[in-house]
Amino acid sequence: RIAVVGSINMDLVVRCERLPRPGETIIGLDAREVSGGKGANQAVAAARLGASVSMVGRVGSDGFGETLLGSLQAEGIHVGHVARTPDCSSGLAIVAVETSGENAITVVPGANGRLSVEDVRAASDVIEAADVLLLQLEVPTETVIAASQIARAAGTRVILDPAPAPTAVPEGLLAVDLLCPNESEAAALNGLPVESDDDLQAAARRLAEISGAEVIITLGDRGALLHQRDGQSVRVPAFPCTAVDTTAAGDAFAGALALRLAEGTDVPEAIRFANAAGAIAASRHGAQPGMPTRNDVEQLMAD
Ligand code: ADP
């Protein structure tokens, strides 16, 4: 069983020939509504792979709230702890994409910004009953810390995907079991660039020291680096794929990692599985629609 405490967003994606200048009105080509948010994406990733998933979050009192709840339920995710927030918009990402590929994005946290410490306390039953709790940083930091503390006190393993990279790291935030940044988040958390292989090893070591956690740095088409508690590090290679949309690769990776750890697999093997899930997500368009099934992942691993 997996619990996810995190963000739920509607992405409004508008395609246009070129982005408007300030004060200008342009005619767009088309528009799509796509369910997103890192929390919801990771919940969908784990559910699609076969996990029993409970989501803890907030949607707004707007029409998007209803749609977002529906898309979680359609994946079989338990939404008993997803609250509707009166007089508040749902989390929104307004994404304008030029035909050249250039984009301009405005993110409104909306209801995600209202997910409170009381909300996670009210959901302590599902957090305590879970094998793994998945956390990201698109909801208030104090809420993330409270969820992590409830989980760890109950023996639920905590995975933190520190995205978006925090500008300040409050006491206790990184005190988790597994810390899972990508390269740029690892650089931001350390306040140092991560360019060479030596930088990478040093960043992982330093994050492990600060947090006391096992550290996994995801490396896109180069797979992932694991820094274990015994100080050893292990490189786990990626599965080759033709990447068309890597936006949700990290979310697929996190959901898959949580699933295999909840099943009792060791960390290196869980990373191998998560690399396969990430590669499949990167090879498909759209975040939630592109999340692989268990069958997809097992086939890629068997090839
Ligand atoms: P994020 O999406 O958070 O920036 P990464 O780009 O590191 O994170 O991707 C997460 C994981 O997805 C990687 O560790 C890898 O397993 C997989 N992945 C991402 N891009 C590719 C790719 N081009 N080829 C193969 N695997 C990929």
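Which residues does Ile-2 touch, not counting those up to four places away in sequence?

1. In this predicted model, Ile-2 touches Ala-46, Ala-51, Val-53, Ala-130, Asp-131, Val-132, Leu-134, Ala-258, Leu-259 and Ala-262, with residues up to four places away in sequence left out of the count.

2. Ile-2 also belongs to the largest nonpolar core, which comprises 93 residues. It is listed among the residues with the most contacts inside that core, together with Leu-133, Ile-159, Ala-256, Leu-257, Ala-258 and Ala-277. Helix H9, spanning residues 267-282, gives the most to this core, contributing 11 residues.

3. The packing of helix H8 (residues 249-262) on H9 may be described as follows. Their axes come within 7 Å and cross at roughly 145°, and the crossing is right-handed. On the H8 side, the contact involves Ala-249, Ala-252, Phe-253, Ala-256, Leu-257, Arg-260 and Leu-261. On the H9 side, the partners are Glu-269, Ala-270, Ile-271, Phe-273, Ala-274, Ala-277, Gly-278, Ala-281 and Ala-282. By residue class, this contact divides into 13 nonpolar, 1 polar and 2 charged.

4. Helix H6 (residues 183-190) has Glu-185, Ala-186 and Leu-189 buried. These residues lie on the same side of H6, because they cover an arc of only 100° around the axis. An α-helix has 3.6 residues a turn, so residues three or four places apart point the same way. The buried residues of H6 pack against helix H7 (197-211) and strand E11 (214-218). After H6 comes Gly-191, with a positive phi near 70°.

5. Is Ser-52 buried or partly exposed? Ser-52 is partly exposed, because 16 other C-beta atoms lie within 10 Å, whereas a buried residue would need 20 or more. Ser-52 sits in the loop between helix H1 (38-48) and strand E4 (53-60). The C-alpha atoms of Ser-52 and Arg-1 are separated by 5.1 Å, although these residues are 51 residues apart along the chain.

6. Glu-98 is located in strand E6, residues 91-98. Glu-98 counts as partly exposed because it has 14 C-beta neighbours inside 10 Å, a number above the limit of 12 or fewer for an exposed residue. Apart from neighbours within four places in sequence, Glu-98 is in contact with Cys-16, Glu-17, Arg-18, Leu-19 and Asn-103. The C-alpha atoms of Glu-98 and Leu-29, which are 69 residues apart along the chain, are separated by 9.6 Å.

How values were computed
Residues numbered from 1 in each chain as written. Predicted model: local features only at pLDDT ≥ 70, side-chain atom pairs only at ≥ 80, totals over all residues. Core = buried A, V, L, I, M, F, W, Y, C linked by C-beta atoms within 7 Å. Helix = DSSP H or I, 4+ residues; strand = E, 2+ residues; numbered from the N terminus. Contact = placed C-beta atoms within 7 Å. Axes fitted to C-alpha atoms, helices over the stretch in contact; angles between N-to-C directions. Left-handed = near helix turned anticlockwise from the far one by under 90°. Nonpolar A, V, L, I, M, F, W, Y, C, P; charged D, E, K, R; others polar. Arc of directions from axis to C-beta.
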